[in-house]
Amino acid sequence: MSFLNKLGIGVGAGAGREISRPMAAASRPRSSGSGPAAAVGATRAPEMRESTRVSNGLKEFLWNLDGLGRGTLLDLGPAWQTTLSFFIERGFRVSSEDILRAWKEFLAEEEAKLRAAAANTSDELDVTPTGRATRFLETNLRYSASSFDAILLWDLLDYFEPLVAKQVVACLTDLLRPGGVVFAMFHSKKPEGFQRYRVVDSNTLQVIATPPLCPAQRVYQNREIQDLFLRYRTMKSFVGRDQLRESLFIR
């Protein structure tokens with residue numbers, strides 16, 4: 001079994017494209033009589049589903065940024081135009097880095113390196129979780145210290161290997177200015193699907209169900225979340241009915 005297969009990711013598994021506008025729902029085929037409807041044409045790929053959720057965490061996040069003026073924000077999800085426009089209109093300079101997609105691409109590169117190392121016994125590759133996390137951060141999140149006032153982390157920590165998640169949080173902490181805010185979400189159980197998020201307004205998120213990039217790795221308990229963000233002076237959480245906990249961390 002390959003390294004990626006152990007993590008639940010196939011080398012050839014492609015990530016589905018993201019969308020920036022609602023998709024029309026597929027119509028159901030009609031049947032005549034009592035017999036089953038016959039399938040017509042090629043099988044269609046499942047379409048992405050969108051919904052909205054009230055976000056008290058987002059509202060609190062924006063309240064903490066109120067009066068900041070021309071701040072800087074790092075969005076660690078896809079560069080959705082709606083989210084970018086929302087913050088740019090409020091005077092923020094926004095940087096966007098789809099860190100989970102970068103992690104998936106990194107794992108594919110690691111698989112290729114492992115195969116090359118196996119073919120050449122003189123090559124050595126540190127395959128420990130620490131070595132893998134270090135190599136990943138050598139080429140990602142490359143910003144100067146104290147670059148940002150705010151970070152949108154979303155639910156991404158649930159999808160990283162635990163040691164990688166720990167080092168990502170440590171890296172983000174260094175990138176955040178004193179008093180800066182991180183907005184994150186955690187699943188209360190392993191999610192059945194994969195979701196992306198866009199900002200609709202000051203207390204509403206659009207939730208977009210998309211093909212998964214990586215399988216969920218861990219469900220964090222409250223104590224474990226506190227340990228991850230030990231260097232932050234304030235933590236505040238909002239528990240939703242959709243098994244998502246929204247959390248704010250103030251450095």
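Biologist: Let's start inside. Which residues line the largest cavity?
Modeller: Gly 77, Pro 78, Trp 80, Trp 154, Asp 155, Leu 156, Gln 195, Arg 196 and Tyr 197 line it.

Biologist: What sort of model is this?
Modeller: The model is predicted, so to speak of a local feature pLDDT must be at least 70, side-chain atom pairs count only at pLDDT 80 or more, and totals for chains, interfaces and linings use all residues. Numbering starts from 1 along each chain as its sequence is written, and side-chain values use heavy atoms, without hydrogens or water.

Biologist: And what counts as a cavity or a pocket?
Modeller: On a 1 Å grid over the protein atoms alone, a cavity is a set of points where a 1.4 Å probe fits but cannot get out; a pocket is an open set with protein on both sides within 12 Å along at least five of seven lines; lining residues have an atom within 4 Å of a point.

Biologist: Which strand gives the largest share of that cavity lining?
Modeller: Strand E6, residues 194–201, with three residues. Gln 195, Arg 196 and Tyr 197 are among the lining residues.

Biologist: Where does E6 sit, then?
Modeller: E6 belongs to an open sheet of three strands, ordered E1-E7-E6, with antiparallel pairing. Strand E1 (49–54) and E6 stand at the edges with a single partner strand each, so one side of each has no neighbour in the sheet.

Biologist: How many bridges hold E6 to E7?
Modeller: Seven, and the pairing is antiparallel. E7 covers residues 204–210. Arg 198 has Gln 206 as its bridge partner in E7. Two strands pair if DSSP finds at least two bridges between them.

Biologist: How many helices and strands are there overall?
Modeller: Seven helices and nine strands. They are DSSP runs numbered from the N terminus: helices are H or I, at least four residues, and strands are E, at least two.

Biologist: What about the other sheet, what is its strand order?
Modeller: Six strands form another open sheet, in the order E3-E2-E4-E5-E9-E8, with mixed pairing. Its edge strands are E3 (93–96) and E8 (234–239), and each pairs on one side only.

Biologist: How do E4 and E5 run, parallel or antiparallel?
Modeller: Parallel, with five bridges joining E4 (residues 148–154) to E5 (residues 176–187). Ile 151 finds its bridge partner in Val 182 of E5.

Biologist: And over at E2, how many bridges go to E3?
Modeller: Four, and E2 and E3 run parallel too. Asp 75 is bridged to Ser 96 in E3.

Biologist: Which residues of E2 lie on each side?
Modeller: Thr 72 and Leu 74 are on one side, Leu 73 and Asp 75 on the other. All four are buried, so both faces of E2 are covered. Buried means under 20% relative accessible area, exposed over 50%, and partly exposed in between, with a 1.4 Å probe and protein chains only.

Biologist: Is E5 mostly covered or mostly open?
Modeller: Mostly covered: nine of its 12 residues are buried. Across the 251 residues of the protein, 43% count as buried.

Biologist: What does helix H2 touch on the sheet?
Modeller: H2, residues 56–65, packs on the sheet and touches E2 (72–75), E4, E5, E8 and E9 (244–250). A contact here means heavy atoms within 4.5 Å.

Biologist: Which residues of H2 are buried?
Modeller: Gly 57, Leu 58, Glu 60, Phe 61, Leu 62 and Leu 65. Gly 67 follows H2, and its phi is positive, near 85°.

Biologist: Which strands does H6 lie across?
Modeller: H6, residues 162–175, lies across E2, E4 and E5. H6 also gives the most to the lining of the second largest pocket, five residues.

Biologist: New topic, then. Which residues lie nearest the centre of that second largest pocket?
Modeller: Lys 166, Glu 224, Asp 227, Leu 228 and Phe 229, out of 13 lining residues. The elements giving two or more residues to this lining are H6 and helix H7 (222–228).

Biologist: Where is Asp 227 found?
Modeller: In helix H7. Asp 227 is partly exposed, with a relative accessible area of 41%.

Biologist: How are Asp 227 and Lys 166 separated?
Modeller: Their C-alpha atoms are 9.2 Å apart, though 61 residues separate them along the chain.

Biologist: What share of contacts join residues at least 24 apart?
Modeller: Among contacts between residues at least 6 apart in sequence, 75% do.

How values were computed:
Axes fitted to C-alpha atoms, helices over the stretch in contact; angles between N-to-C directions.
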